Amino acid sequence: MNFGIGFKLSHLQSMLLFALLISIAFGFLSRRRPIDRAKYIVWSLFLFLLIGVGIGWAMYPFSR
Amino acid sequence: MADETAALTAPPQDSRRETIAFVIGVAGWLVPGLGHVLMKMWGRAVACFLTVGILVILGTAMRGNVFSSSGSDAFDSLGYLADLGTGTFYFVARSLETKGPDVSHAGGDYGTRFLATAGVLNLLAALHAYEAARGRKA
């Protein structure tokens, strides 16, 4: 990873990475059993992406 | 009045527990995951350390803005507070970002958010460790 040049990610990749990391942290912090954590991580990730894409589409008419 | 009486008659082990919980919370803020390590919550400790660490590394690699105390407006000050939430990782971010921020492209803007989120997430984790030490959460 080159810190001088900058690490390039697309909008979608950035959002996916962000949602995944936060979902993992939320899952581990809020649930105790591994199966509950896995379910929470998947559900949280799904909601992050759904709301992110939804807001993206809602802003689309104002982008030009 | 009733609260004051209750505080005066509180058993000594309660105040000791509060002190230990406070130390655990501060430790969790200074080093992400350390609060949970002290509580022997290994999975949570590793998850906190890795997620906060990865967010900080990605944020700096994307040339996000690592705010300093000399902010010019309220947003800079809020950003600084959020970045400080990463504890010692704030200084890691500052040392890694040798060329300064570049928010002229989307990556830099995302990087700024990654860094702020890392701080807020670490504060949440430290608060969780504090509450767990007080016996309020498991």
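Predicted model: local features only at pLDDT ≥ 70, side-chain atom pairs only at ≥ 80, totals over all residues.
Residues are numbered from 1 along each chain as its sequence is written, and chains are lettered from A in the order in which they are written.

**Exercise 1.** Describe the packing of α1(A) against α2(A).

*Solution.* Two packed helices are described by the angle between their axes and the distance between the axes. Axes are lines fitted to C-alpha atoms over the stretch in contact, with angles from 0 to 180 degrees between N-to-C directions. The axes of α1 (residues 11–30) and α2 (residues 34–59) of chain A come within 8 Å and cross at roughly 145°. The crossing is right-handed, that is, the near helix is turned clockwise from the far one by less than a right angle. Contacts (C-beta atoms, placed from the backbone, within 7 Å) involve residues including A:Met15, A:Ile22 and A:Phe26 in α1(A), and A:Tyr40, A:Leu45 and A:Phe48 among those in α2(A). The contact residues divide into 12 nonpolar, 5 polar and 1 charged; Ala, Val, Leu, Ile, Met, Phe, Trp, Tyr, Cys and Pro count as nonpolar, Asp, Glu, Lys and Arg as charged, and the others, Gly among them, as polar.

**Exercise 2.** Determine whether A:Ala25 is buried or exposed, and identify what covers the buried residues of α1(A).

*Solution.* A residue is buried if 20 or more other C-beta atoms lie within 10 Å of its own, exposed if 12 or fewer, and partly exposed in between. A:Ala25 lies in α1(A) and is buried, because 26 other C-beta atoms are within 10 Å. Beyond its neighbours within four places in sequence, A:Ala25 contacts B:Ala47, B:Cys48, B:Thr51 and B:Leu121. Other buried residues of this helix include A:Ser14, A:Leu21 and A:Phe28. Their cover includes α2 of chain A together with α4 (42–61) and α7 (106–133) of chain B.

**Exercise 3.** Characterise chain B and the side of chain A that touches it.

*Solution.* Chain B has 7 helices and 0 strands, and 45% of its 138 residues count as buried. In the interface, 18 residues of chain A are in contact with 26 residues of chain B. The chain A side divides into 12 nonpolar, 4 polar and 2 charged residues.

Conventions
Helix = DSSP H or I, 4+ residues; strand = E, 2+ residues; numbered from the N terminus. Contact = placed C-beta atoms within 7 Å.
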